[in-house]
Amino acid sequence: MISVGGLAPPGWVMTVSGAVPASAIGPTLMHEHLLCDITLPEMRGVPHRPVTLETHFAALYRPEQHPGNHVLDDPALAARELAPFRAAGGTHVVELTIDGIAPDPQGLRRIAEASGVGVIAGCGTYITPYLNAETLALDEDALAARIEAAVTTGIAGTDVRAGIIGEIGCSWPLHPFERRALVAAARVAARTGLALTVHPGRDEAALREIVDIATGEGLAPDRLVLGHIDRTLFSLDAMIRIAALGAVLEFDFFGIETTRYWIASVDLPNDGARLRYVRGLIDAGFGGRLLISQDICTKARLAAFGGHGYAHMLANVVPMMQARGFTDGEIATLLVETPRRLLARAA
Ligand SMILES: [Zn+2]
């Protein structure tokens with residue numbers, strides 16, 4: 001049996017600074033990065049190119065071709081970037097930088113202390129191209145043990161505990177390592193009462209497979225978040241089909257207003273189109289199974305480099321929702337109640 005000694009009490013949330021009651025959770029972004037390096041493996045080692053006024057749009061439009069853009073490595077800058085989010089009423093950010101994309105749990109704790117914004121850290125492994133041979137050789141039990149350690153004692157030998165599992169990297173078709181990682185993550189989530197959040201492969205069948213694997217390990221589907229719906233499903237009908245499986249659908253590219261997706265030839269929706277999907281899913285009865293976030297992982301999207309910053313959701317998207325007739329209750333469900341339900345440890 002797993003030791004649960006280091007977990008938050010049931011109904012409490014584990015932040016990088018310690019456990020807090022779920023009632024402390026206010027408006028929360030459930031899928032962000034504050035410190036990370038998501039540079040494409042083939043671009044590692046290429047000299048960095050600064051993001052300037054002249055290069056800002058290029059860095060937004062082709063982020064992967066702008067070396068250094070995918071590197072966030074300054075805790076003081078991250079704390080400053082969170083100030084407008086806090087001023088707009090935000091209380092917490094879920095930081096999903098996991099193995100393969102340069103997690104820095106101690107840095108997250110410094111950011112939380114400096115900014116006054118609570119940070120909940122994720123744990124686990126990203127998609128296989130980002131992982132080293134040692135990690136790729138791990139079996140299910142070893143992967144589960146690493147996740148268990150991250151949530152009970154601390155991430156990677158630190159005393160900073162993870163409060164959510166993921167974003168677990170999955171491709172389509174699912175790589176054998178990614179299947180082991182997902183099985184391990186779901187197993188620990190089911191045993192510990194933590195939520196699981198997944199970076200899915202880009203296919204409706206990939207989402208179905210992830211739900212099958214996670215629930216097969218005993219995880220309740222409403223403890224499973226399927227991220228990046230924005231670049232995975234392209235019709236309301238498909239979204240309703242997946243939502244009907246009981247998992248939480250997360251639109252986490254808010255603020256990305258460009259069509260081009262940096263990793264595949266799909267058309268991204270803009271914020272208005274995202275809100276039409278969210279409206280449609282609420283009207284179909286799935287309002288309690290939805291999350292909205294920004295997945296910031298590039299300099300170009302930070303305010304210091306001319307981007308929209310972490311406050312975009314509260315400063316710009318919420319007013320757009322209000323103007324479109326979303327009720328205060330619907331908005332609170334998306335930004336407060338569902339994050340609170342997922343982050344609070346289930347008994
Ligand atoms: Zn992410």
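In the predicted model, the buried residues of helix H5 are Leu143, Ala144, Ile147, Ala150, Val151 and Thr152. An α-helix has 3.6 residues a turn, so residues three or four places apart point the same way. The cover over the buried residues of H5 includes strand E8 (165-169) as well as helix H6 (176-192). Helix H5 itself runs through residues 140-152, and its 13 residues reach 18 Å from the first C-alpha to the last, a span close to the 18 Å expected at 1.5 Å a residue.

At the N-terminal end, H5 is capped by Asp139, of which a side-chain oxygen lies 3.2 Å from the backbone nitrogen of Asp141. Just after H5, a positive phi of about 155° is found at Gly154.

The model also contains a zinc ion, which is coordinated by NE2 of His31, NE2 of His33, an OE atom of Glu167 and an OD atom of Asp295, at 2.1 to 2.6 Å. The angles among the four donor atoms range from 80 to 168°, and the site of the zinc ion is accordingly classed as irregular. Along the sequence, the donor residues follow the spacing H-x1-H-x133-E-x127-D. Because His31 lies in strand E3 (residues 28-32), whereas Asp295 lies in the loop between strand E12 (290-292) and helix H10 (312-323), this pair ties together parts that are 264 residues apart in sequence. His31 and Asp295 are both buried.

Conventions:
Residues are numbered from 1 along each chain as its sequence is written. This is a predicted model: local features need pLDDT of at least 70, side-chain atom pairs count only at pLDDT 80 or more; totals for chains, interfaces and linings use all residues. Side-chain values use heavy atoms; hydrogens and water are left out. Donors are N, O and S atoms within 2.8 Å of the metal (3.2 Å for Na, K and Ca); water is not among the atoms, so sites may look incomplete. Four donors count as tetrahedral if all angles lie between 85 and 135 degrees; four count as square planar and six as octahedral if opposite donors are over 155 degrees apart and all others between 65 and 115; anything else is irregular. Helices (H or I, at least four residues) and strands (E, at least two) are DSSP runs, numbered from the N terminus. Buried means under 20% relative accessible area, exposed over 50%, partly exposed in between (1.4 Å probe, protein chains only). The expected span of a helix is 1.5 Å times one less than its number of residues. Contact means heavy atoms within 4.5 Å. A polar contact is a pair of N or O atoms within 3.5 Å; within protein, one must be able to donate a hydrogen and the other to accept it, and residues adjacent in sequence count only if both atoms are side-chain atoms.
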